[in-house]
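The exercises below are to be worked with the sequence and the coordinates at hand.

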Amino acid sequence: MLKMCGIVGYIGYRDSQPILLEGLKKLEYRGYDSAGVAVFTEHGLEIRKTVGRLSNLEARLREQPLRGTVGIGHTRWATHGKPSVANSHPHTDHTFKVSVVHNGIIENYLELKEELMLKGHRFQSETDTEVISHLIAAEYDGDIVRAVRKAVRKMRGAFAIAVLTEYEPDRLVAVRLASPLIIGVGEGEMFVASDIPAILEYTRDVYILNDGEMAAITRDGVELMTIEGNPIAKEKFHVDWDLMTAEKAGFEHFMLKEIHEQPRAYRDTMRGRIAADGRDVVFPDLGLTPERLREIRRVHIVACGTALHAGMVGKHVIERLTRIPTETDYASEYRYRSPIITPDTLVIVVSQSGETADTLAALREAKRQGARVLAITNVIGSSVAREADDVIITQAGPEIAVASTKAYTTQLIAFYLLGLYWAKALGTLPDEEIARTLAAMQALPEQAERILAQGDDIKALAESIARHQSLFFIGRGLDFAVALEGSLKLKEISYIHSEAYAAGELKHGTLALIEEGVPVIALMTQEELYEKTLSNVKEAKARGARVIGIVSEGLDAEAAKSVDRMFVVPRTLPLLAPALSVVPLQLIAYYAAVTLGHDVDKPRNLAKSVTVE
Ligand code: F6R
C-alpha cells in the first residue's frame with residue numbers, strides 16, 4: 001500500500017489531542033482520505049481512526065476523547081487500495097504495545113510480514129506500516145530506540161515514521177529515510193511533523209532531519225543520531241514566517257488567497273536580487289557564478305505538472321536571452337529515456353514542495369551522471385533544495401491549496417531573473433535591454449493587482465464556461481506554455497475536461513471536436529504571433545466555437561473584432577506576459593470550480609505533495 005501522508009507527534013505537558021488535531025489540519029493537504037491518532041492515556045495506548053476527512057476524526061474524538069500528554073497522529077492519502085479504518089494509521093503490533101505512523105513505502109514488507117507470521121504475529125491490515133509496528137515489537141528488549149534502529153535496518157524503502165510505545169511512554173522516536181520529517185523544539189514540550197506549518201503555532205525552532213537520521217524525543221530534549229546509532233550535532237532552524245501566512249486571512253479558500261498573494265510574492269521573489277540601480281540581477285548566494293554559467297552548453301529543465309509548465313516558460317526565457325539550447329522534460333520520463341547529460345549540462349529542477357518523488361529521482365540521476373543541478377523551489381530545507389548544487393528559493397510563502405498558483409508565478413520570476421543574470425554573464429543581451437526588462441518586471445506586481453481588481457469580470461467569464469463538458473485553450477509560443485497551465489488548473493479543480501493546443505496545431509485533427517458553442521480560450525499576448533493566432537481563432541469560430549480572448553493591452557482593438565468575449569491584461573514585454581496572462585486563467589478555474597460547488601482547496605483524487613513515484 002503506497003501512501004503519501006501527514007505525520008504529527010507531541011510530547012509535553014499539555015493535552016495532546018487538540019495539538020495533534022490542529023497539526024493534522026495543517027497537513028491535510030498531504031492527504032485526506034483517512035486519519036487517526038494514538039495517545040498514551042491512563043488506560044495505556046489508545047487509538048481512534050476514521051475514514052474520510054479529518055472532520056470525521058474530530059467528531060469521533062468529541063464523542064470519545066483521548067486524554068494524555070503524548071501522542072502521534074496521521075492523515076493519509078492512499079494511492080492503492082481502499083481507504084479503510086483497518087488500513088488507517090496509527091498501526092500497532094498484535095500485543096497493542098507499539099504504535100506507528102508512517103509516510104512512504106516499505107518495499108520488502110511482504111518478506112518481513114511472512115517472517116513475522118511464522119513467529120506467530122497476527123496482522124489486521126494490508127499495510128506495510130503495520131509490519132513496522134510488529135517488527136519494532138519483535139525487536140524490543142527494553143530500549144525502544146534500539147528496537148526502532150534494529151527494525152529500520154531490516155526495512156527497505158523510503159519512509160518517515162514516528163513511534164509511540166506503551167513500554168516507554170515518555171519517549172517518542174522519529175526516523176527519516178527519504179520522506180520529510182522535522183522535530184519542533186519547545187519549552188518542556190517537543191513536536192514531530194512531516195511539515196513545518198503543523199507545529200508553527202507552538203514553536204519556530206526546528207531540527208530538519210536528513211535521510212538516515214533519527215531522533216529520540218523526551219519532554220525536555222531530543223537526541224539526534226544516525227540510524228546506525230552515531231550521535232549527530234545539528235543546528236536548529238528558526239522559521240520566520242508568521243502563521244497568518246499559512247492561514248486563509250479572510251478569503252473563502254486558500255486558492256483564492258494565494259492567487260491574491262501573487263503581487264506580494266513577485267515582490268518578495270525579486271527582493272534583494274535586483275541591484276540598487278535597477279540595471280543588474282544579483283544572486284548573492286548562488287554558487288552558479290558568471291564564470292560557471294559561461295561553461296554551460298545545454299540546459300535540461302525537469303519537473304512535474306504546474307512546475308513543468310513554469311519550466312516551459314523558462315525554456316523560452318533561457319533560449320531567448322542566452323541562446324543556450326534548452327529542453328524540458330517530465331520528471332517521471334526523464335530518468336527512463338537515457339537523457340544525454342554531459343558535464344557542461346545544467347539541469348534545472350523546479351518544484352514548489354521540493355519533495356516531489358519524480359523530481360527528486362530526476363535530480364539524483366542528473367547528479368549521478370555528472371550534471372550540475374540548480375533547484376528552483378519554494379521550500380527551504382526541502383530534499384530538492386538540499387540535494388541540488390545550487391538553489392533559487394521562490395519566495396511564494398507556504399502554498400496550501402492543492403492547485404498551485406503563486407508557486408508557478410514566482411517560478412516564472414525566478415526564470416526571468418536567472419535568464420537576465422545569465423545573459424549578462426554571456427553578453428548576449430545589451431545592458432540597456434537588461435535594465436528595461438528589470439524595470440518591466442518591477443511593474444508586474446502592480447499590473448497583477450489591476451487584474452485581481454477585475455475579479456468580478458473574470459467570474460462572469462468562468463460562469464459562462466462552467467456548464468460546458470469540454471473546452472480548449474489555444475496559444476502560440478509563450479501563450480501556448482500558459483495555455484497548458486490554464487487547462488491543467490481548470491481540469492484539476494473544476495473537473496471540466498479541457499485541452500491546451502498550440503494554436504496552429506488545432507487544424508491538424510483536433511478541430512474536428514469544435515462544434516457549435518464549444519468554448520475556446522485564446523491567448524494573444526505575443527505581438528509577433530498575434531496575427532497567426534487570430535487566424536486560428538477564425539478557423540475555430542467558423543466551426544461554431546465561442547471564443548474568449550485573453551489579450552494584451554494594445555492588441556485588443558483588433559482582437560475585439562474576432563472574439564466573442566475578451567479579458568485584457570496590462571501591457572508588458574512579451575517575454576513577461578505569462579506572469580500576467582496566467583492570472584485570469586487561475587481565476588477562471590477557481591470561479592468555475594466554485595460555481596460547480598467543488599471543494600476548491602482539496603480537489604478529488606489529488607494531494608499537495610506527491611512523494612510517491
Ligand atoms: C497542479 C500542481 C501539480 C504540481 C506537481 C509538482 O496545480 O500543483 O501539478 O505542480 O505535482 O509539485 P512540486 O512543484 O511540489 O514539485
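**Exercise 1.** Which residues in α3 meet which residues in α4?

Solution. This is a predicted model, in which local features need pLDDT of at least 70 and side-chain atom pairs count only at pLDDT 80 or more, while totals for chains, interfaces and linings use all residues. Residues are numbered from 1 along each chain as its sequence is written, and side-chain values use heavy atoms, with hydrogens and water left out.

Step 1: Y109, L112, K113 and L116 in α3 meet D128, V131, H134, L135 and A138 in α4, where contact means heavy atoms within 4.5 Å. These residues divide into six nonpolar, one polar and two charged (Ala, Val, Leu, Ile, Met, Phe, Trp, Tyr, Cys and Pro count as nonpolar, Asp, Glu, Lys and Arg as charged, and the others, Gly among them, as polar).

Step 2: helix α3 covers residues 109-118 and helix α4 residues 128-139, and the two pack at an angle of about 45 degrees with their axes 10 Å apart. Helices (H or I, at least four residues) and strands (E, at least two) are DSSP runs, numbered from the N terminus; axes are lines fitted to C-alpha atoms, for helices over the stretch in contact, and angles run from 0 to 180 degrees between N-to-C directions.

Step 3: the angle makes α3 oblique to α4, given that angles under 35 degrees count as roughly parallel, over 145 as roughly antiparallel, 65 to 115 as roughly perpendicular and the rest as oblique.

Step 4: α3 passes α4 in a left-handed crossing (left-handed if the near helix is turned anticlockwise from the far one by less than a right angle, right-handed if clockwise).

**Exercise 2.** Describe how α7 packs on α13.

Solution. Step 1: helix α7 (residues 262-270) and helix α13 (residues 406-426) lie with their axes 9 Å apart, at an angle of about 30 degrees, which means that α7 is roughly parallel to α13. The crossing of α7 past α13 is right-handed.

Step 1: from α7 the contact draws on Q262, R264, A265, Y266, T269 and M270, and from α13 on K406, T409, T410, I413, A414 and L417. By class, the residues of this contact are six nonpolar, four polar and two charged.

**Exercise 3.** Is K489 buried or exposed, and which residues does K489 touch?

Solution. Step 1: K489 is located in helix α16 (residues 478-494) and counts as buried because its relative accessibility is 0% (buried means under 20% relative accessible area, exposed over 50%, partly exposed in between, with a 1.4 Å probe and protein chains only).

Step 1: apart from residues up to four places away in sequence, K489 touches M255, T306, A403, S404, T405, Q586 and A589.

Step 2: turning to A589, this residue belongs to helix α19 (residues 578-595) and is likewise buried, with a relative accessible area of 0%. Beyond its neighbours within four places in sequence, A589 is in contact with K489, L490, I493 and S494; the C-alpha atoms of A589 and I493 are separated by 6.9 Å, although the two residues are 96 residues apart along the chain.

**Exercise 4.** Locate backbone features in the loops.

Solution. Step 1: the peptide bond from H89 to P90 is cis, with omega near -5 degrees, and P90 lies in the loop between β4 (70-76) and β5 (91-92).

Step 1: F96, in the loop between β5 and β6 (98-106), has phi near 65 degrees, a positive value in a residue other than glycine. With 36% relative accessibility, F96 counts as partly exposed.
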